[in-house]
Protein chains: 2
Amino acid sequence: MAADNEKKLVEEITSMDVDFAQWYTDVVKKAELCDYSSVKGCMILEPAGFAIWDAIKENLDRRFKETGVENCAMPIFIPESLLQKESDHVEGFAPEVAWVTHGGYDKLQERICVRPTSETLFCEYYARKVHSYRDLPKLLNQWCSVVRWEKTTRPFLRSREFWWQEGHTAHATAEESRERTEQMLNVYADFVEKDLAIPVIKGQKTEKEKFAGAEATYTIEALMHDGQALQSATSHDFGDGFARAFGIQYTDKDNKLQYVHQTSWGMSTRIIGAIIMVHGDNEGLKLPPHIAPTQIMICPVMQKKEGVLDKAYELEKELKEAGFRVKTDARDKNPGFKFADCEMRGIPLRVEIGPRDIENGHAVLVRRDTHEKETVEFTDLAKRAGELLETIQHDMYEKAKQHLENHTFTATSIDEMEDILDKKTGFVKAMWCGSKKCEEKIKDKTGASSRCIPFEQECIDDKCIYCGKPATKMVYWGRAY
Amino acid sequence: MAADNEKKLVEEITSMDVDFAQWYTDVVKKAELCDYSSVKGCMILEPAGFAIWDAIKENLDRRFKETGVENCAMPIFIPESLLQKESDHVEGFAPEVAWVTHGGYDKLQERICVRPTSETLFCEYYARKVHSYRDLPKLLNQWCSVVRWEKTTRPFLRSREFWWQEGHTAHATAEESRERTEQMLNVYADFVEKDLAIPVIKGQKTEKEKFAGAEATYTIEALMHDGQALQSATSHDFGDGFARAFGIQYTDKDNKLQYVHQTSWGMSTRIIGAIIMVHGDNEGLKLPPHIAPTQIMICPVMQKKEGVLDKAYELEKELKEAGFRVKTDARDKNPGFKFADCEMRGIPLRVEIGPRDIENGHAVLVRRDTHEKETVEFTDLAKRAGELLETIQHDMYEKAKQHLENHTFTATSIDEMEDILDKKTGFVKAMWCGSKKCEEKIKDKTGASSRCIPFEQECIDDKCIYCGKPATKMVYWGRAY
């Protein structure tokens, strides 16, 4: 019975080449990242999934604080009248919010929604707190969950509740808010590339795709293993739109009343979906060492033999003291199960150690990304583990970058675009005239949405890929999650 | 105008001897700990308030993890049918939950509530996850906010949304769940006494006061400056009650089906109310150094003089490197304002430094708790600051302990109890027969509820203070927040 279960764990993952969607679901389930409950469309973040989010949070939070941002916590609810204050914003979110109508046995006088995002709450707060130019800038962020009443849901990618951070800032000038919007996009891009080992395209969203109420939305776009795009974080410049709707004004140095300029920016648990779909393989999850909650798993072999477990714990202690996140798998399971389980859960580096290794004064290190093994003297273990983790981090990024490059194409006709999306999959760079109508037609015809107008522009052609009129922008197009 | 505002900041605090409730509200507002919004009864945790909660969280989370607990995140919603599975539990919570009835434009088939607590969600999860004795224990915790539809609210003490952690564990035996309940109560007590400098009484709640659905509830009770009690954390032993209601069973080593035994335990943002009301004084907040987000504030005097700010930043850097949480108040304000502001916000230690100090190679250290000043050579600064912070932590605890002892009384008649509560204020230790009726009568007559049956029992008398029948327990009684 036990042996059957152990085998099943490994066998039950669908190959990603056979059915990518099923492979994804299998990994999420087998690595115990998240689970469903009787609350339709809402996830449970299981300990392994939560630990990844926590590692992301710790890293990003430090980066935010380095730019002067402070954390706070806004209420979970928004009264309907407050949500309605900015017209584009309410239009964008009202169709997908959850409405609370009763408190205990009483009907509420005004219904309130569970926050889908908190611009309106921060605006109301800033309107009360900001009086003088001395009160600016306001640089606040909160880590919380938000609710959007989605019809169809998928673990991490789309769910009725998801976890995120939302930064909200208020500045004296339009220039400052523009700078902050770019600065935070760069924080996200740097984090995703350096720590999640995922290369991204930085650019601006089109008018059609921008955030409800924003003047401009910046985005980082990543490419999944199956050639579909995933929006990985966004940063919005609101100009003074919200400030006018909410009356957020300050007295400047010349004693004149001015509106503030605002931004907001967010990254969510969706990014865990990106980690799975960029790095994962048929053995399961593959976590980049920088944010892996467990970087090294020590797997004792023949652990009932005297001295094996002792040595394993000794190495664990030593590696911990060297600053690594380490665990020992001392469960009463056979080594084959432990190795496969460790790979399934994406632990970057595995240390195998049995009686003969101990006799010879060495252990075997196995890389999760390449399955390469090497024998390392105990005395060199911490040093070599550190080198290997950095190599893994580097190689995972390079591999993902290679995949991105191999799956980024250019097209000068709509048929060519469709053909690429069907057969090769990936991003298609193509010229665009700037009209919403062409953007919609391109999506209708090919299923690809405009992912972004990249900051790094190229001239592929002089005319729009759809209407043939003069092109104003080169756009990344892609089918997306 | 500016000078007026600066003066106001200090003047506007009501004296705690004149109106304790108003003093409390003033401190919360002036120290910018929390604020209200148009969301009735819900708090905004402002940066200064959130930072205290974050420091509490970091400290407690480390303590939890040392006992093997892992974090996760459960959904924000509970379907009505799930909430109803355990009858005592639903009876306790249904009257005070917020009901979501609509998602977007659609009416939900079954209404769902915003979690008031998550026992039911954890139970459902454990029912799915636990099969064998090998799957036990389950030791999970989540940090989140919960919603209870309160009629009257006060910052930190009672609000419709509050932040907390809720730990939920499942064990093989009744003995193990009892042990875990006690273990977590001890974790709370140790944290509150050692790090928050608040002495507590440990004990068990009466049947009347225990958690809805629990077999036993343990509590730590603290005494505020005005002589009222505040329940500071609770730990519940559920026995197998929830397991039977939710069908959480496992196969034991003899292949027999058994129910698990469960616990839950929580501490909330209420504890910030305790910090304010135990330690605060007429100058404002007074934070214990161990959890003060800023332990040391450097206040430059005549900062426009050459070299003053440079020296302040140099000291800040040095103190940071020595491991302290330090800030420099370089705002364009007069020193008097900065000193008062620093006291208002409860920063344990202030460093005053002006041109003459720099000339003489020293700075002035000022303790928040006693206002004592001392001149310290720059070369000794870090060492002395460390000593002073530990002294402050120690003295704050001793002062609070003295207050607790001076306000803990014994009574052998109900008139005596009432007289103590009216005139001296504090805890009254008195004997009780164990009947719910007497407990209710005592509350009706004196306004004091049973705070706990302390683990450390004394025999004050042989008969119940109310009915005169033989007493079974000595109980702490008190008027409470």
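The lining of the second largest cavity in this predicted model comprises five nonpolar, four polar and one charged residues. About 50 Å³ of space lies in this cavity. Helix α6(B) gives the most, with four residues.

The structure holds three cavities of 30 Å³ or more. The largest has a volume of about 60 Å³ and is lined by B:Ile198, B:Pro199, B:Leu223, B:Met224, B:His225, B:Val278, B:Ala400, B:His403 and B:Leu404. Here the largest share of the lining, three residues, comes from helix α13 (residues 381–406) of chain B. The table sets out both cavities.

| Cavity | Volume | Lining by class |
|---|---|---|
| Largest | about 60 Å³ | seven nonpolar, two polar and no charged residues |

The backbone has some features of note. In general, most residues other than glycine have a negative phi, and most peptide bonds are trans. In chain A, the peptide bond from A:Leu136 to A:Pro137 is cis, with omega near -5°. A:Pro137 sits in the loop between α6 (119–129) and β7 (138–147) of chain A. In chain B, the bond joining B:Leu136 and B:Pro137 is cis, and omega is about -5°. B:Pro137 belongs to the loop between α6 (119–129) and β7 (138–147) of chain B.

A:Thr425, which is not a glycine, has a phi of about 60°. The loop that holds A:Thr425 runs between α14 (414–424) and β21 (427–432) of chain A. With a relative accessible area of 22%, A:Thr425 is partly exposed. B:Phe156, also not a glycine, has a phi of about 70° and lies in the loop between β7 and β8 (161–171) of chain B. B:Phe156 has 1% relative accessibility and therefore counts as buried, the limit being under 20%.

How are the two chains related? Chain B is superposed on chain A by a rotation of 180° with 0.0 Å of shift along its axis, at an RMSD of 0.0 Å. That is the relation of a two-fold axis. The same surface serves both copies, as 100% of the contact residues of chain B recur in chain A. Among the residues of chain B, B:Val100 comes closest to the rotation axis, with its C-alpha at 2.1 Å.

How values were computed
Residues are numbered from 1 along each chain as its sequence is written. Chains are lettered from A and ligands numbered from 1 in the order in which they are written. This is a predicted model: local features need pLDDT of at least 70, side-chain atom pairs count only at pLDDT 80 or more; totals for chains, interfaces and linings use all residues. Side-chain values use heavy atoms; hydrogens and water are left out. Copies are superposed by least squares on the C-alpha atoms of residues with pLDDT of at least 70 in both. Contact means heavy atoms within 4.5 Å. Helices (H or I, at least four residues) and strands (E, at least two) are DSSP runs, numbered from the N terminus. Buried means under 20% relative accessible area, exposed over 50%, partly exposed in between (1.4 Å probe, protein chains only). On a 1 Å grid over the protein atoms alone, a cavity is a set of points where a 1.4 Å probe fits but cannot get out, and a pocket is an open set with protein on both sides within 12 Å along at least five of seven lines; lining residues have an atom within 4 Å of a point. Grid points are joined across faces, edges and corners, and a volume is the space filled by probe spheres set on the points. Ala, Val, Leu, Ile, Met, Phe, Trp, Tyr, Cys and Pro count as nonpolar, Asp, Glu, Lys and Arg as charged, and the others, Gly among them, as polar.
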